[in-house]
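Please look over the sequence and the model first.

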Amino acid sequence: MSIGSKGLGRGLNALFDNTIITGASDQPEESPQQAIRTLPLTDIVANPNQPRHDFDRESLAELSQSIREQGVIQPIIVRPAPQGHAYQIVAGERRYRAAQEAGLLEIPVVVREYSDEDVMLAALIENLQREDLNPVEEALAIAALRDKLQMTQDEISCKLGKSRSAVSNALRLLQLSEPALEDLRYGRISAGHARALLGVDDGDAREALRARIAQARLSVREAEEAVTTWKQQGRFPWEEEGRPTSISPLPGRRKPETLKLLQQRLNTALPFRTSVSGTEDKGKITLSYASPEELKELLARLGMEG
């Protein structure tokens, strides 16, 4: 089977030729009878490329209790393990883990032959549909599709049913420091905060802003305003005037409100970091790119060859 151009919007049933892969509630859906068999849990191994690393303990406990009472209603999807030992999970690792916790010795499965590409896409799409991935897990999974399967951002966008800019913005998150990625992974900062952090080029200043967001619980708007102040004055709003920083204060008067709004609109509309300087009569717009692919897209939007 080849997933080809089938997108996220068509659902996982379409990707698996009508094989059921349950959604957030793990409740049964109507479908043609599948070739279901039972395998010992000891014969099944997890997918090492599973994009989801953090399973909510409370939710898993609830599913485990349900399985104790009713059993596993929907089979998980497996394939023969590439190394020839046992079977590897394609979709349904949450049910597999819950079955282990419930003390089951075997579980219903549907065995299918899938390529590595199909397995990676299926695991990512299943979690995206359930909205189970945090922004870091999603970004790492998309990066794996790009690097391991040599897929372009356009191809990833098509296969996942996501916009090109959404894929690009997700990958940009991986430019953050490890502390920032940890904050994002565990919800101490949001994806909006992370995008604001990416607007600060200086590493020390970015780290200072990250710590401030987490400690003072700044809103995304407050974080964005802090970035604007940093770009204009070389300091953050909470820092004392004239206090030494890693960069020199920028000369000139404060940016007019109209230019602030223009910069916000550009940052929202374009998958690139933008900055606007000058006055309403004369100024400069700067577009920044972080990879060869972003440069190619930028040139394409400007009607130029890459």
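This is a predicted model: local features need pLDDT of at least 70, side-chain atom pairs count only at pLDDT 80 or more; totals for chains, interfaces and linings use all residues.

In which sense do strand 2 and strand 4 pair, and over how many bridges? Strand 2 (residues 44-45) pairs with strand 4 in the parallel sense, over two bridges.

**Strands**

- Strand 4 covers residues 87-91, and five of its five residues are buried.
- Strand 3 (residues 76-80) runs antiparallel to strand 4, and four bridges join the two.
- Tyr87 of strand 4 is the bridge partner of Ile44 and also of Pro80.

- The whole structure holds nine salt bridges.
- One of them joins the side chains of Glu138 and Lys162, at 3.2 Å from N to O.
- This pair links distant parts of the chain, 24 residues apart: Glu138 belongs to helix 5 (residues 135-148), and Lys162 to the loop between helix 6 (153-160) and helix 7 (164-172).
- Glu138 is buried at 16% relative accessible area, whereas Lys162 is partly exposed at 21%.

**Salt bridges within helices**

- In helix 8 (residues 178-185), Arg185 and Glu182 lie three residues apart, about one turn of the helix.
- Their side chains form a salt bridge of 3.6 Å, N to O.
- Arg185 is buried at 18%, while Glu182 is partly exposed at 30%.
- Arg210 and Glu207 form a salt bridge of 2.5 Å, N to O.
- Arg210 and Glu207 are three residues apart in helix 10 (residues 203-216), so about one helical turn separates them.
- Arg210 is buried at 13%, and Glu207 is partly exposed at 31%.
- Salt bridges with shared partners join Asp183, Arg188, Glu207 and Arg210 into one network.

Definitions and conventions:
Residues are numbered from 1 along each chain as its sequence is written. Side-chain values use heavy atoms; hydrogens and water are left out. Buried means under 20% relative accessible area, exposed over 50%, partly exposed in between (1.4 Å probe, protein chains only). Two strands pair if DSSP finds at least two bridges between them. A salt bridge is a side-chain nitrogen of Lys or Arg within 4 Å of a carboxyl oxygen of Asp or Glu.
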